Amino acid sequence: MKRQFHKGGYSNDIANQYVTNEQPIYSLSSELETQYKYEDGKRTDEVAGYKAWFIQQGLTPFTVKFRDKIKLPDYMSIVEFDNLQAIEIKYNVYFKADGLKEVK
């Protein structure tokens, strides 16, 4: 599969190329990982966001960044993202979402 690189920022279309709504997405994290802002190559105490790990069949585990602190469901719960977006930078894909909900 040849990757198509897009100019610009995060996009729902890019996320849909990698993560499908056809198969369940499982939560792998039991805690959020805090990400901090950096200035001049040094970490500050200012929180930039939070990230957690997820997996879907056919994909390697991937992280999704959340701007606000969210409540994670139990380990291996099936989830859906609120406004999942992705960006391709070189050969890496980074995801972010506004939130998530557990699918029952």
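Tutor: Three salt bridges are found in the structure, which is a predicted model. In one of them, the side chains of glutamate 46 and lysine 37 meet at 3.2 Å, taken from N to O. Glutamate 46 has a relative accessibility of 42% and therefore counts as partly exposed; lysine 37, with a relative accessible area of 38%, is partly exposed.

Another salt bridge joins aspartate 45 to arginine 43, with the closest N and O atoms 4.0 Å apart. Aspartate 45 counts as exposed because its relative accessibility is 69%, whereas arginine 43, at 48%, counts as partly exposed. Arginine 43 has a further contact: it lies over the face of tyrosine 36, at 3.9 Å from the ring centre.

A salt bridge is also formed by the side chains of glutamate 80 and lysine 101, at 3.8 Å from N to O. Glutamate 80 belongs to strand β5 (residues 78-82) and lysine 101 to strand β8 (residues 99-102), so this pair ties together parts that are 21 residues apart in sequence. Glutamate 80 is partly exposed, its relative accessible area being 41%.

We turn now to the aromatic rings. The structure holds four aromatic pairs. In the pair of phenylalanine 54 and phenylalanine 66, the ring centres are 6.4 Å apart and the planes stand at 70°, so the pair is edge-to-face. Phenylalanine 54 lies in strand β3 (residues 42-56) and phenylalanine 66 in strand β4 (residues 62-66); the pair therefore ties together parts that are 12 residues apart in sequence. Phenylalanine 54 is buried, with a relative accessible area of 0%, and phenylalanine 66 counts as buried at 0% relative accessibility.

Phenylalanine 54 also forms an edge-to-face pair with phenylalanine 81, at 4.9 Å centre to centre and with 80° between the planes. Since phenylalanine 54 lies in strand β3 and phenylalanine 81 in strand β5, this pair ties together parts that are 27 residues apart in sequence. Both of these residues, phenylalanine 54 and phenylalanine 81, are buried. Ring pairs link Phe54, Phe62, Phe66, Phe81 and Phe95 into a cluster.

Tyr10, Ile89 and Tyr94 form a nonpolar surface patch, with about 270 Å² of accessible area together. Tyrosine 94 lies in strand β7 (residues 92-97) and is partly exposed, with a relative accessible area of 38%. As for tyrosine 10, the charged end of lysine 96 sits over its ring, 4.5 Å from the centre.

How values were computed. Residues numbered from 1 in each chain as written. Heavy atoms only, no water. Buried < 20%, exposed > 50% of the residue type's maximum accessible area, 1.4 Å probe, protein only. Helix = DSSP H or I, 4+ residues; strand = E, 2+ residues; numbered from the N terminus. Patch = residues over 30% accessible without salt bridge, like charges linked within 9 Å, V, L, I, M, F, W, Y side chains within 5 Å. Areas by Shrake-Rupley, 256 points an atom, 1.4 Å probe, with all protein chains shown as cover. Phe/Tyr/Trp six-rings, centres within 6.5 Å; stacked < 30°, edge-to-face > 60°. Lys NZ or Arg CZ within 6 Å of the ring centre and 35° of its normal.
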